[in-house]
Every structure is written in C-alpha cells, then in structure tokens.
Amino acid sequence: QVQLVESGGGLVQAGGSLRLSCAASGRTFTRNAMGWFRQAPGKEREFVAAVSSGGTSTVYADSVKGRFTISRENARNTVYLQMNSLKPGDTAVYYCALYIGGYSTSPNYWGQGTQVTVPS
C-alpha cells in the first residue's frame with residue numbers, strides 16, 4: 001500500500017516562501033514520477049509541478065513557473081516543492097501525487113494534503 005504524507009504547509013505573507021515535503025512509502029519510490037497538485041476553495045484540483053523518477057526532468061504549470069521548484073531526494077523517498085514569491089492566489093490545499101506511469105499520465109496515488117494560506 002502506497003502512503004504519501006505531506007508536510008510544511010502553513011500561513012505565510014505575500015512575497016514569502018515555504019517548502020513542502022512529501023514522504024513516500026510502500027513502493028519503490030525511485031521508479032515513479034512524482035507531482036504536486038493544489039485545490040483552492042470552490043475550484044477544481046489543478047496541476048502544479050511534476051518530476052521524473054530520476055529527478056532530471058521537471059514540468060510546471062504556467063502560474064508557478066519561475067517561482068516554484070520541484071525536486072526529489074530518492075535516498076529519503078521524499079519529494080519537495082519550494083515555493084517562493086508566494087501570492088494570495090497560491091492559497092490552496094496542496095497534494096502530493098505518485099504516478100505509476102510517467103507524469104504525462106494521471107496520478108495513481110494521493111496524499112492527504114497540506115494547507116497553504118497566503119493572506120491578501
């Protein structure tokens with residue numbers, strides 16, 4: 001059974017930074033692409049960023065490009081999302097996801113989410 005546990009969310013002022021972490025267990029982490037999604041109140045869940053199994057390839061939503069960085073540490077079975085220059089529009093629950101296929105497919109497993117709040 002795959003388990004994904006996010007941490008690092010919180011309240012931060014506009015222009016600030018946060019780093020989210022997602023610890024994975026129950027599967028050979030190094031074989032799987034990983035991603036981050038988010039869901040704001042009243043909106044659908046949306047893609048934020050993804051990283052290939054080896055960490056050499058990444059992709060970002062246009063809304064976060066240049067501000068967010070996804071990375072992974074396979075020795076720790078952990079994926080990170082460094083978020084800089086945060087805006088009120090980044091307020092959402094952030095979810096970690098694991099892909100059985102590559103990140104061009106749909107995620108197969110989800111974490112429980114961590115809240116990020118950027119007050120206006």
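Here are a few friendly notes on the predicted model shown above.

1. Some ground rules to start with: residues are numbered from 1 along each chain as its sequence is written, and side-chain values use heavy atoms, leaving out hydrogens and water. In this predicted model, local features need pLDDT of at least 70 and side-chain atom pairs count only at pLDDT 80 or more, while totals for chains, interfaces and linings use all residues.

2. The protein chain has 11 strands and 0 helices. Both kinds of element are DSSP runs numbered from the N terminus: helices are H or I with at least four residues, strands are E with at least two.

3. Along the principal axes, the C-alpha atoms fill a box of roughly 40 × 25 × 25 Å.

4. Of the 120 residues in the protein chain, 43% are buried, meaning under 20% relative accessible area with a 1.4 Å probe, protein chains only.

5. Now look at Ser52, in the loop between β5 (46-51) and β6 (58-60). Is Ser52 buried or exposed? Ser52 is buried, because its relative accessible area is 14%. Beyond its neighbours within four places in sequence, Ser52 is in contact (heavy atoms within 4.5 Å) with Ala33, Ser57, Arg72 and Tyr103.

How values were computed. Buried < 20%, exposed > 50% of the residue type's maximum accessible area, 1.4 Å probe, protein only.
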